[in-house]
Each structure stands twice: as structure tokens, then as C-alpha cells.
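Please open the model in your viewer and keep the selection tool at hand.

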Amino acid sequence: MRSRLFLPLTLILLAVPALAVERWILISGTVGTFHTDARIFNPSFEKDIQISATFLPTGNVNNTDKTAVTLTVPKRQMRVLDDVTTALFNAPGLGAIRLVSDDEFEATSRIYSLQPA
């Protein structure tokens, strides 16, 4: 019984690093007084990583207007993207950004208003 489980479990464990890493950032965009900043961190000590960023605007059922950009993040560094929709895609609006890479990375975002409370 153990030998029958050993091969499938070994194959699964070896396949895990081959899967792409995916993160999502919800975007308030540049709508009225709201902006969204993003930070992408590469934890690798060995190499720079490539990340594909795709903006998916709301209300776009067929995803015909999606825009993709490739980002390079140097090893052990953070890529700072202030007002991310304007900086990367030159497109205001609501939606989400899909980040995909073959390597591990971390992504955070913040939505804020330019109007004082």
C-alpha cells in the first residue's frame, strides 16, 4: 500500500514548483478622488523575476479590453507602483490586476482618497 502512494505523492511534490504563482490586486483605480498603490516584493536571493500584470476592468464580461504588461523585479527588492492603473496601464477605472509569475513573490495594495476626511 505504501509503495502505491509513494509514486503519486512524489510526482505531486515535484510538480508544485512548476506551477505558476498568481496574486490579485483589487483596484479602485483613478476614480474621482480614489487611487490605488501597489508593492511587489521578490523574496529570491538568487534571481530577478518576471511578472505578467493584466488589468481586468469591471463590466468587461468578455475581457476584450484587458491589457498586459511584463514587470521585472530584481532579487530581494520591491517594485513600487504608485497609482498603479495610471502608472502601468494608463487606464483609469475599477477592476482588478492579475499578477502571474513562475517564481514566488508577494504583492500588497492600498486604496486611498486624495480628499481630506
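How many bridges join strand β2 to β5? Select residues 34-41, which make up β2, and you will find that four bridges join this strand to β5, the two running antiparallel; helices (H or I, at least four residues) and strands (E, at least two) are DSSP runs, numbered from the N terminus, and two strands pair if DSSP finds at least two bridges between them. This is a predicted model, in which local features need pLDDT of at least 70 and side-chain atom pairs count only at pLDDT 80 or more, while totals for chains, interfaces and linings use all residues. Residues are numbered from 1 along each chain as its sequence is written, and side-chain values use heavy atoms, with hydrogens and water left out.

Next, pick Ala-38, whose bridge partner in β5 is Leu-81. Widen the view to the open sheet of three strands, antiparallel in pairing and ordered β5-β2-β7, where β5 (78-81) and β7 (106-113) are the edge strands, each pairing on one side only.

Now select Arg-23 and Glu-104, which form a salt bridge (a side-chain nitrogen of Lys or Arg within 4 Å of a carboxyl oxygen of Asp or Glu) with the closest N and O atoms 2.5 Å apart. Arg-23 lies in strand β1 and Glu-104 in the loop between β6 and β7, so the pair ties together parts 81 residues apart in sequence.

Finally, select Arg-39 and Asp-82, a salt bridge with its closest N and O atoms 3.1 Å apart.
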